[in-house]
Amino acid sequence: TFNGTWKVDRSENYDKFMEQMGINIMKRKLAEHDNLKITITQTGEQFHVKESSTFRTKEIDFTLGVQFDYALADGTEVSGSWNMEGEMLKGSFTRKDNNKVLTTTRTLVNGELVQSYSYDGVDAKRIFKKE
Ligand code: MYR
């Protein structure tokens with residue numbers, strides 16, 4: 001289960017990913033130490049995700065397979081959905097400003113939550129530990 005509070009522990013290639021997303025160096029430097037924490041509450045197909053970081057706190061509700069709008073921490077607006085494939089959450093989100101697609105997955109690996117991100121040929125990961 002994904003339920004619980006997860007604190008980012010480390011990232012892989014996240015700077016390159018953000019660069020591909022068009023985020024400037026100053027914001028990327030801040031984002032490196034964003035202390036991102038997500039609290040996931042799943043009830044059947046329904047999810048409630050509370051996100052907190054040095055940038056903001058935000059709460060969002062979504063249902064698997066149902067499209068919703070979301071603004072990334074830098075303000076970029078996307079629209080898309082999460083789906084469950086086996087034990088993996090797979091998200092596909094389209095940027096509203098350029099129609100390019102950002103895909104993301106969440107999966108549990110040895111008690112850690114691993115979130116992958118892919119955009120325009122660049123892949124990254126952030127690994128979270130349970131609080
Ligand atoms: C959630 O489940 O946390 C809410 C929906 C998330 C949708 C988009 C996730 C991609 C976040 C990428 C951040 C990259 C910042 C440049």
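Tutor: Here's a walk through the rings, then the pocket, then a few residues elsewhere. First, a caution: this is a predicted model, so local features need pLDDT of at least 70, side-chain atom pairs count only at pLDDT 80 or more, and totals for chains, interfaces and linings use all residues. Residues are numbered from 1 along each chain as its sequence is written, and side-chain values use heavy atoms, with hydrogens and water left out.

Let's start with ring pairs. A search of the whole structure turns up 8 aromatic pairs; rings of Phe, Tyr and Trp (its six-membered ring) pair if their centres lie within 6.5 Å, and planes under 30 degrees apart count as stacked, over 60 as edge-to-face and the rest as tilted. Take Phe17 and Tyr117: their ring centres are 5.4 Å apart and the planes sit at 35°, so this pair is tilted. The pair links distant parts of the chain, with Phe17 in helix H1 and Tyr117 in strand E9 (residues 112-119), 100 residues apart. Helices (H or I, at least four residues) and strands (E, at least two) are DSSP runs, numbered from the N terminus. Phe17 counts as buried because its relative accessibility is 5%, and Tyr117 is buried too, at 11%. The cut-offs here are under 20% relative accessible area for buried, over 50% for exposed, and partly exposed in between (1.4 Å probe, protein chains only). Elsewhere, Phe47, Phe62, Phe68, Trp82 and Phe93 make up one aromatic cluster.

Now the pocket. Tyr117 turns up again here: along with Arg56, Tyr70, Leu72 and Ala73, Tyr117 lies nearest the centre of the largest pocket, which has 31 lining residues. On a 1 Å grid over the protein atoms alone, a pocket is an open set of points where a 1.4 Å probe fits, with protein on both sides within 12 Å along at least five of seven lines, and lining residues have an atom within 4 Å of a point. The space in this pocket comes to about 680 Å³, where a volume is the space filled by probe spheres set on the points, and grid points are joined across faces, edges and corners. Among the elements that each supply at least two lining residues are H1, H2, strand E4 (57-63) and E9.

Two rings also have a charge over them, meaning NZ of Lys or CZ of Arg is within 6 Å of the ring centre and within 35 degrees of the ring normal. For Tyr70, the charged end of Lys58 sits 5.3 Å from the ring centre. For Tyr14, Arg126 lies over the face at 4.2 Å from the ring centre.

Arg126 has another partner. Its side chain makes a polar contact of 3.0 Å with the side chain of Asp34 (N or O atoms within 3.5 Å; within protein, one must be able to donate a hydrogen and the other to accept it, and residues adjacent in sequence count only if both atoms are side-chain atoms). Asp34 is in the loop between helix H2 (25-32) and strand E2 (37-43), and at 5% relative accessibility Asp34 counts as buried.

Finally, a backbone detail: Asn99, in the loop between strand E7 (88-95) and E8, has a positive phi near 65° though it isn't glycine. Asn99 is exposed, with a relative accessible area of 59%.
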